[in-house]
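This report looks at how parts of a protein model pack together. Please keep the sequence and the structure in view while reading.

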Amino acid sequence: MRILVVEDDRKVAQFVRQGLEEEGHAVDVAGDGEQGTLLAHVNAYDALVLDIQLPRKNGLELAAELRREGSTVPILMLTARDTTEDVVRGLDSGADDYLTKPFAFDELLARVRALGRRGGPAVAASLLKFDDVEMDRVHHRVARAGRLLDLTAREFRLLEYFLARPDAVVTRTELLEKVWDMTFDPGSNVVDVHVSNLRGKLEEGGAPRLIQTVRGVGFALRRDDG
């Protein structure tokens, strides 16, 4: 699944992110409510993990805003407060589940899995296709012409980014910021290395190239018809 974690405590955010990525999920992290809102509007997520106490916009406000706009993405609220009133406020704002800090990661993971099983629009949005490539983001599987591909977590997320933007030109800067969460280093070739590795797996057996190089700009997922 693709998951957005909105948490201003960097240690907690890193702990949750690392654990979810080790389970094969693609994870974005926002450090405040405004950034979380922006990411939730730009990207299609299968689940949101929101802390209630956030700078700039709290988790209750973020969840309520998304629900008013018609979003059905499953939301798990995290909070250090566990009174009945707090639980009710969280659920009434639009959250689907509630977890009190401190928590065991296994419990958080189980709750995220349960949210993912609820289906609906979030599951439908997790199926990405282009040409003969199919990605199931819920079950973390990619196949080309029916052949399953063995991708690393980073390769999976890289391909996911391309599949969500077919035919669009994507710059190296954009990939570093969105897939690696890094600021652009003109001397870095990390993007080219991973694109090359991903191409090798997609093109195994002589399959035609789908990730095209746009000279001087970046890459694009498109058929090479000429």
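Is the crossing of α1 and α5 left-handed or right-handed?

## Basis of the report

The model is predicted, and local features need pLDDT of at least 70, side-chain atom pairs count only at pLDDT 80 or more, and totals for chains, interfaces and linings use all residues. Residues are numbered from 1 along each chain as its sequence is written, and side-chain values use heavy atoms, with hydrogens and water left out.

## Helices α1 and α5

The crossing of α1 and α5 is right-handed (the near helix is turned clockwise from the far one by less than a right angle). Helices here are DSSP runs of H or I with at least four residues, strands are runs of E with at least two, and both are numbered from the N terminus.

Helix α1 (residues 10–22) packs against helix α5 (residues 105–116) at an angle of about 60°, and their axes are 11 Å apart. Axes are lines fitted to C-alpha atoms over the stretch in contact, with angles from 0 to 180 degrees between N-to-C directions.

Contact (heavy atoms within 4.5 Å) is made by Phe15, Val16, Gly19 and Leu20 of α1 with Phe105, Leu108 and Leu109 of α5. Of these residues, 6 are nonpolar, 1 is polar and none is charged; Gly counts as polar, while Val, Leu and Phe are among those counted as nonpolar.

## The largest nonpolar core

The largest nonpolar core has 27 residues, and Leu159 and Leu175 touch the most other members. Such a core is a set of buried Ala, Val, Leu, Ile, Met, Phe, Trp, Tyr and Cys residues joined through side-chain atoms within 4.5 Å; buried means under 20% relative accessible area with a 1.4 Å probe, protein chains only. Its largest share, 6 residues, comes from α7.

Terms used: Buried < 20%, exposed > 50% of the residue type's maximum accessible area, 1.4 Å probe, protein only.
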